[in-house]
Amino acid sequence: MSRAQRKIDHINHALSTGQERKHGFEDIRFVHNSLPNTSVDEIDISTKIGELFLSSPIFINAMTGGGGRETEQINGSLAKAAAETGVAMAVGSQMAAIKNSEEAATYEVVRRCNPDGIILANLGSEATVEQAKRAVEMIDADAFQIHLNVIQELVMPEGDRDFKQALERIERIVEEVGVPVVVKEVGFGMSHETVEKLSTVGVSIVDVSGYGGTNFSKIENERRDRHYEFFNSWGITTAASLIEVNNKHPYISTIGSGGIQSGVDAVKALSIGANAVGMAGTLLRVLSGKGMEGLLEELWTIQDEMKIIMAALGCRTVEDLKKVPLVISGDTHHWLSSRGID
Ligand code: FNR
């Protein structure tokens, strides 16, 4: 099967398998504040990941590219929505265009439709420094995402089976690529032990991309005869992953993604330490079902909801959110106690 067809399959299966909605945010409750001393007009949702300033914590996470005209159209729409709403956007893995320059158009459209916005390039941890530099150059990227997708590869019939030396390649990219590097998962979460290893090679921004939203085990299982069912419930939820990573690595900038669907999910992610919040599957579904108008409305509504919730909590800024009292129950509480995290 061609790489282009695989990309189209991913989009179709992501749309049909849906979001798990078991990201752990259901276990997190805010403590109501009757005297918030805030005004909705004064709420400031701007944030920083590392040294990168973002006018909104919401960004469109890596999805497509390299699938010909269909992904070019999707990327164009996502990029126009990002430009109009001022949110950042990551492109999907650019390996297709590194291997075949004819595919570059499906990514270049993103910079063309959003000349001044924050855009992140994307490749897997198999990438070399040269490939990383080409990916950044291709879209004049402001930052570079390296995705870690071991489970996806293992379930993928034609996927990689050798995961050696990834950390060494990441170290070289961090040293030489020339833009901030974000290391991300693709929906299985990151443990604090993984982040410990990444921090020793100079990584300072991670996107935990946890379990509970798009499920790449289910997506890839759709594409194989004998299913690896055991990976369908594999992974660390987005909430548990964010809490354990922020607890053990307070100096790492974290991004929360994996199942974010609403303003309240986003505010919960920020309140447990995320600096920004990525959304992929939900936005793809809105674009596919409701078109460009629907996507724009979704992005504006989520940001409005965030301001309303922050006002209720007495938080004027994203930094203030990190101090709000929370009650954590259920599986997330259990996970954190088993992991020795208060
Ligand atoms: C993805 N994701 C992804 N991530 C990445 O780093 N490179 C990629 O090429 C892709 N491709 C891709 C295609 C499609 C169709 C989807 C839905 C997702 C993963 C994505 O960025 C994110 O980490 C996960 O999807 C979890 O977030 P959501 O979807 O639950 O919001």
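Predicted model: local features only at pLDDT ≥ 70, side-chain atom pairs only at ≥ 80, totals over all residues.
Residues are numbered from 1 along each chain as its sequence is written, and side-chain values use heavy atoms, with hydrogens and water left out.

**The barrel**

Two strands pair if DSSP finds at least two bridges between them. Helices (H or I, at least four residues) and strands (E, at least two) are DSSP runs, numbered from the N terminus.

Eight strands close it in the order β4-β5-β6-β7-β8-β9-β10-β11, with parallel pairing. On average, neighbouring strands of this sheet are turned by 25° against each other, direction ignored. Axes are lines fitted to C-alpha atoms, for helices over the stretch in contact, and angles run from 0 to 180 degrees between N-to-C directions.

Contact means heavy atoms within 4.5 Å.

**Strand β7**

Zoom in on β6 and β7. They pair in the parallel sense over five bridges. Look for Leu-120, which stands opposite Ala-143 in β7.

Is β7 mostly covered or mostly open? It is mostly covered: five of its five residues are buried. Buried means under 20% relative accessible area, exposed over 50%, partly exposed in between (1.4 Å probe, protein chains only).

Ala, Val, Leu, Ile, Met, Phe, Trp, Tyr, Cys and Pro count as nonpolar, Asp, Glu, Lys and Arg as charged, and the others, Gly among them, as polar.

On a 1 Å grid over the protein atoms alone, a cavity is a set of points where a 1.4 Å probe fits but cannot get out. A pocket is an open set with protein on both sides within 12 Å along at least five of seven lines. Lining residues have an atom within 4 Å of a point. Grid points are joined across faces, edges and corners, and a volume is the space filled by probe spheres set on the points.

**The pockets**

Select His-10, Met-63, Gln-152, Val-186 and Phe-216. Of the 43 residues lining the largest pocket, these lie nearest its centre. The pocket holds about 800 Å³ of space. Which element gives the largest share of its lining? That is α1, with six residues. By class, the lining has 12 nonpolar, 22 polar and nine charged residues.

Next, the second largest pocket, with about 630 Å³ of space. Among its 27 lining residues, Leu-148, Asn-149, Val-150, Glu-185 and Thr-194 are the closest to its centre. Two or more lining residues come from each of α6, α7 (166–176) and α8 (192–200). The largest share, four residues, is from α7.

Pick Asn-221 in helix α9 (residues 216–221). Asn-221 counts as buried because its relative accessibility is 1%. Leaving aside neighbours within four places in sequence, Asn-221 is in contact with Val-155, His-227, Tyr-228, Glu-229 and Asn-232.

Move to Leu-242, in helix α10 (residues 238–248). Leu-242 is buried, at 0% relative accessible area. Beyond its neighbours within four places in sequence, its contacts include Phe-25, Val-208, Ile-255 and Ala-269.

Finish at helix α11 (residues 263–271). Eight of its nine residues are buried, so α11 is largely enclosed by the rest of the structure. After α11 comes Gly-273, whose phi is positive, near 115°.
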